[in-house]
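Here are a few exercises to work through with the model open on your screen. Try each task before reading its solution.

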Amino acid sequence: MLKIQNLSKFYGDRQVLKDINLHIPAGEIYGLLGRNGAGKTTIINIICNLITPDSGIISIDNLPLGITTKALIGIVPQDNLLYENLTCEENLDFFATIYSLRGQRKQQRIKKCLESVNLGDRAKSLVGTLSGGMKRRMNMAIALVHEPKLVILDEPTTGLDIEARYQIWELINQLRYQGITLLLTTHLLEEAERLCQRIGILKDGQLLIEGNLAELRTVIPAAAILIMDTPTAEIAIARGQSLGFSHHRYGHDLAFWLPEQKSLQEVVSLFAGITIDSISVQPVRLENIYVELTRERLEPAIATSPSLINIMG
Amino acid sequence: MKYWYETIAIARRILTELVRQQRTLILWIIFPISMLLLNGFILAEGSKITTTEAFKIATPSTLVGAALFFSSLGGTISTIVAERESKTIKRLFISPLAGISYFLGIFCAYACVGIGQSLLVYAIAAMFGVKFAGSWLLGIIVIFCSIGSYVGMGFFLGTQFARRTEDVNSLVAGFGVPLLILGGAFVPTSFLPKELLLITQFNPIYHMNEALLGISYNAKDLSDYDLRLHFLFLVGFLLVSLASGWLAYRRMLATERRL
C-alpha cells in the first residue's frame, strides 16, 4: 500500500531524513517510533504531499505521490483540527464536500462515520461542547469520511485519559479489520505494542530497525529482564556481574539482562544477602529495545541484527 | 464543478459560523446604520443642506467605508486568523481543496454579507427620501469590485501580518481608519485640506466612494470622464489586491504548509 524508497530530506544543510526505506502492506498497522525531532512528522508531511523530498520515491496504492493520492490518505493529526462552532454533522459535511463526496453517498458516509466513532447521538452537537475524548474521535471521523485507503495517526491518544485511550485503540483495530492500512506514530510504547503488527524506530532521520515485536526482541540478547530497586546498587551490580548478567539503567530502575528465563524465586536466591526493596522479572519489552536503540551514547550498547536494520552499508 | 462545490462549502461554513456566533453579524448591522445616521445628520447640519441631500451623499460612503470595509476586509482577515489559530487551515492544506476555491468561498461569504448590508443601508436611506436613480448594473459592479478588493487585501494582510486575533484589530485600525477618513467614508472629502485632497487621489476607498456616489444618483453609464476615472481606478485596485492576495496566499502555503 505505502512504499517509500531511499527517501532523503534536507532542511538547509541539516539532513533530517537519511535514505528511508519502508513498505507497509495493505491492512497492516505500522508503528513509527522515535524521539521528537527524529523525522516522524517530516515523513508524514512528505506522504501528505505538503513538502517535497530531496530524493526518493513514494507510492500509495501503486500511484506516485501527488494531488491524486491526497484523496487516498486520511490524517488524524495530533491536535483536534475541528470547527468548534459547527456541529459534528456539519464538520463532516464540510470535509466530505471538500473530498468530492456528493448527495446520498455523502450522507451515508457522514452517518456511518459518526456511528463508527460512537458519536451518532451527538450529530447535532456543536463540536465545542464535546469532551476531549469525543473531539479526538471526531478528529478520526473526519479523517475517515472520504474512505481513505491509508490512515495516518499522529500520536492519536496523547493527552487522553485511559478510558478514552481504550476507545481510540478499539477504533484503530476496527479500521484494520476493515482492511485500512494504518501508519501510527506514538510516544506511548504500550500503544505500539498493543496495536502494531510491525514497528520501525527512527533516530536522527535514520530508520534504525524495523520488524514485528518478536523480531525486535532479538535485538536484546536476553531471555528476560530483571528490574530491581535497591539502596545498595553497587553491591547488586557486582553480584550481577559475577553471575554474568549485564546491568542497565532504565530511568531510575536498575535492570539486569538475564541470558535465560528464570523464576522470581531463583532470582531472589541469586541476590540473597542484598537489601532489595522491590524486584520483578519481565519479558523483553518494546520499551527496553527502544531505550537501548535511541539513547545517546558514544558506542552502541547492543549489536543489532543486520537483517532488521535498514541502514545500508 | 469541483471548484463550485468547494467554493460553496467554504462560503456556507463561514456563514454558518457567523450566524451561530450572531454577535459579529449584529455589529455589522448596527455599525453601518449608526454611521449612516450620524453622517447624514452631521452633514445636513454642517453643510446646511436638506436631510435627503445629506443622506444622498452619506449613503455610498457609509456603504463602502463603514459597512463593506469592516465586513469584507476585517471579516477576511478574521477568517484567516481564526483558521490559523485553530490550526484548521492545516486540515485544508492536507485536503484536495484548491486555493482558488478557498478565495472564492471567502469572497462569496462576504459578498452575501455585503449584499445584505447594501440593501440595509439603501433601505434606511430610502426612509429619508433618497432614491436610487442611477444604473443598477454599474452599482452592483462597483459594490462587487469593492468587496473583491477588500477580500483580496484581507488575504494579503491576513496571511502576511495577522497571526493572532489581536492583530485583526490593530491591522484594521492602523491600516484602515486613516484610509477611510481620507476616502471620505466618515467626513466628505470636501472638508479635507488641499494637501490631504491630493493624497485622496491615490486612495482606493475615495474612488470606490466617488464611483458609487456618481452611479447611485446621476450616471446611467460611464460617459462622464471623472466617473470613468474612478471606476477604472477601482478596477485597477481590484486587480492589484487580487494579485497581491494571491501571491501572499502562495507565500503562506510555502512557509506554513506542514503539520
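**Exercise 1. Find how far apart the centres of domain 1 and domain 2 of chain A lie, taken over C-alpha atoms.**

Keep in mind that this is a predicted model. Start with the answer: the two centres are 35 Å apart. Now place the domains on the chain. Domain 1 comes in two pieces, 2-72 and 148-216, while domain 2 covers 221-283.

**Exercise 2. Describe the make-up of chain A: its secondary structure, its buried share and its contacts.**

Count the elements and you get eleven helices and 14 strands. Next, burial: a residue counts as buried if 20 or more other C-beta atoms lie within 10 Å of its own, and 41% of the 313 residues in chain A pass that test. Finally, take the contacts with a separation of 6 or more; 71% of them join residues 24 or more positions apart.

**Exercise 3. Work out which elements of chain A touch chain B, and which of them gives the most.**

First get the totals: 24 residues of chain A contact 21 residues of chain B. On the chain A side, α1 (40-47), α2 (67-70) and α3 (88-98) each supply two or more residues. α3(A) gives the most, with five. Sort that side of chain A by class and you find 15 nonpolar, five polar and four charged residues.

**Exercise 4. Switch to chain B and check the span of α2(B) against the expected value, then see which of its residues are buried.**

α2(B) runs over residues 23-47. Its 25 residues reach 35 Å from first C-alpha to last, close to the 36 Å expected at 1.5 Å a residue. The buried ones are W28(B), P32(B), M35(B), L36(B), N39(B), G40(B) and L43(B). Their cover includes α3 (51-85) and α5 of chain B.

Terms used
Residues numbered from 1 in each chain as written. Chains lettered and ligands numbered in written order. Predicted model: local features only at pLDDT ≥ 70, side-chain atom pairs only at ≥ 80, totals over all residues. Axes fitted to C-alpha atoms, helices over the stretch in contact; angles between N-to-C directions. Helix = DSSP H or I, 4+ residues; strand = E, 2+ residues; numbered from the N terminus. Contact = placed C-beta atoms within 7 Å. Nonpolar A, V, L, I, M, F, W, Y, C, P; charged D, E, K, R; others polar. Domains from an automatic or database assignment. Expected span 1.5 Å × (residues − 1). Buried ≥ 20, exposed ≤ 12 C-beta atoms within 10 Å, placed from the backbone.
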